[in-house]
Amino acid sequence: MNRFIGSRFPRRNFLAGAGIAAIGVSFSRKAWSEEEKKLNVYNWDTYIGETTLQTFTDKTGIEVQYDLYANNEELFAKLKAGNPGYDVIFPSDYMIETMIALNMLEPVDHAKIPNLVNINPAKPFSDPTYNPGLKYGVPYMWGTVGIGYRKSKVPEPTSWGVLLDSSEYAGRIALLADARMVMGLALKYLGYSMNSKSEAEINQARDLLIKQKPNIKAFAPDNGQDLLLSGEVDLVMEWNGDIISVEEEDDDIAYAVPKEGTNVWTDNVCIPVGAPHPENAHAFLNHLLDKDVALEIATTIHYATSNKAAQAELPAELLNDPAIYPPEEVIANSESLTDVGDFTPVYDKAWTEVQAA
Amino acid sequence: MEDWRKNKLVFWILYLPPTAWLVLFFTIPLAIVWVYSFGERGPLGQTEIAISFANYIRSMEWTNLYIILKSIWIATVTTAICLLIGFPLAMGIAFASARYRNVLLLLVILPFWTNLLVRTYAWIAILRTNGHVNWFLEWVHGLLAGVFGLLGMPDVLGTFEPLQLLYNQKAVIIGLVYVNLPFVVLPLYATLEKLDKSFLEASLDLGAGQWRTLFSVTAPLAWPGIVTAAMLCFILSLGTYLTPDLLGGPDSVMIGNLIAQQFGPSRDWPFGSALSFLLMYVTFILLWIRAFAARGEKGKLH
C-alpha cells in the first residue's frame, strides 16, 4: 500500500503504513531529579521495532510520545529555530556534524548508558569521525547506497560507470534526486573523495553527469525502487533498504555495490539541546542498545545494526545478505558524507547546472 | 440606513481579526523572507542577516535564469492548452440546461476532493511504460496484428514498442494541464454564465454564423473571465513543484524545485528567498498588467 504515498518517504519505507502519530509536545522543563515520566521521540518513518516502545514503557514507566520526519533536512529545519520539545532524535552522520557545530546536540553521559559495551567496536561505530568518542550520541542502524537492477535484463553491475559513464542502458537508468549523493558517487567513480573540496574535481563530476544525462530516464525523488519494480527502468541508484523491500516482491530484482565503493551512512540516536527530559532520554538510549531490543529492531526493519551483541544473534538469512551487510572490501572503499561547509554552494551550483543542461 | 463603518465598535470588531490575520500570517512571514533574501549563507547553512545583493545577482546567472525562463515557457504552454480545452468546456457547462449544469460543474470540482499527490501518482500509473495507456495501445496493436495475420500479412506491424510517456517535459505539461484545468474552467464558467444571452441571439439573428458569433461576440464579452483564468493558471503553473518532481525527467527542473532545493538539502535560505521573491515579482508584474488592462477596458466602456 505504501507504493503510492509511502514511497515519498525515503529509505525507511520498509513496513507499509505505520500510522502517523501527531504529538502534543510538552514544554515544561523540570529539574532532573523530579523529571516527569514522559519522553518525546522524533524518528524516521518505520524505523523502529514493533515492541521497542512498549518494552521501554513496561520497564521504566515512562510514556513515549512518538513523532515522525522524512529526512535530515526536515529534522534540521524543525530544530533550527529552537527545540520544540523533543528528547531523542535520529540524525545521520553528516547532519550530526552540522548540529554539533551549531550547538544543537547535548553531550551524552556515558555513565548512564551501560549498554554502550554492545556497540560494534569497529572504528566507524565506536569512534566515528563525525562524532569522536560518541560524545554526542550513539550509532543506530547503517547502510549503503548501491545499484538496484533487474537480473533478467542486466548482468550484475560492478562499477558506477554502468550508471554514470555508459550509453549501453540508455533510457533505463534512474538516479537519486539527491545532489550530494549523485555528485558524490560521480566523484567516487572518477577516483576522488565523495567529500571533495576541489572545484576542478567537482566540475569534472558535473561534466560526466551532463554527458550521461541523455541516457538517464529520471532523477527519482526516493521512489527509484518503484521505477525498478514497475519495469520503468532496469538500473537504479538507491538506498539498500529500499531495494531489499522490493526484492521481497520480485525475485528478479537484486542489489549490488560497485567496486569503486560507495556511501556508507549511519544514523545515530542523539539528545537535542533543550530536551525537556534528558534523564529519560538517556534511559531510552540505553534501552535501544540493549541486545534483545536491538535484535528485535534489526529483524523488523532489515537494516544493518551497529549493535555487535545483537548482530551475533541475527538469523543467518539477514546476516548473510550482502545487501544488508556488505563484504569488508566494499566497506573499506566507502566513505560517509561529511558537511562540506563553505563548499555546499559549489556542489549546489554544479547540481543545478546538471539539471539545467 | 446607518453606514456600519460609522459605528466605531462594529467597524473595529469586523476589521481587526482579518487585519491581524493578514499581518501575522502574511505580511510578517513575507517580510522575513524578504529580509532573508538580502542575507548570506553561513558555512554551516545558517542564515546570516546582511545587506547583500549577491543572491539576486546569483539568480541572474545563466543556469538559474535559464530555469526561470523555462518555467515561464512551461507555464505559458500549460495556460494556452488549458484555455483551449477550458473555454469550450466552460461554454458547454454554461449553456447546458439547468438540470445538467450542476452535475457538470460538480464533475469539474470533484477531483479537488482527492489529494493532489494521489492524483499525480495516478498519472504515473497511467503514463508509465507498463501503464494503462501502453496497455491499451498494446491491446489494439495485438488486435490489428491478428487482423493482418488473417489477411496473410502477419509481420506488417512489427513488435509493439511501448511509448515513453513519463519522465519528460510532455508528462509535466499533461500533469499541469490536468491540475490547473478546474482553475480555468471555473472563472470562465462564472463569466459565461452571467453573460447576457440576448447578445448572442442578436448576433445569430442578424446573420453572423456560429464561429463569427463566438469570436466577435462571446469571446470579447467573456474577456475579463479569460484573463482571470489565464492569470490563475499561469501563476499556479509557474510556481509548481510537485508535478515536475514526480512526472518530470532529468530535464524538467522548474523554479519551484530550485527553491525547494535551497530550503532543503542546500540549506541556502537566503538564495531560496531571493528566488522566491523573483517569482513573486513576476506575479506582481502580471497582476499589474491585468489591473492596467482592466482600467483600459473601463475607459473604453465609458
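**Two domains of chain A: legends**

**View 1. The two domains of chain A.** Chain A is split into domain 1 (6-142 + 266-319) and domain 2 (143-264 + 327-356), with bounds that come from an automatic or database domain assignment. Their C-alpha centres lie 28 Å apart. Please keep in mind that this is a predicted model, where local features need pLDDT of at least 70, side-chain atom pairs count only at pLDDT 80 or more, and totals for chains, interfaces and linings use all residues. Residues are numbered from 1 along each chain as its sequence is written, and chains are lettered from A and ligands numbered from 1 in the order in which they are written.

**View 2. Where domain 1 meets domain 2.** Here 17 residues of domain 1 of chain A are in contact with 14 residues of domain 2 of chain A (contact: C-beta atoms, placed from the backbone, within 7 Å). On the domain 1 side, helix H3 (93-101) and strand E5 (138-150) of chain A are the elements that give two or more residues; helices (H or I, at least four residues) and strands (E, at least two) are DSSP runs, numbered from the N terminus. H3(A) gives the most to this side, with four residues.

View 3. Zooming out, chain A has 15 helices and 12 strands. Its C-alpha atoms fill a box of roughly 65 × 45 × 35 Å along the principal axes. Of the contacts in chain A with a separation of 6 or more, 76% are between residues 24 or more positions apart.

Conventions
Contact = placed C-beta atoms within 7 Å.
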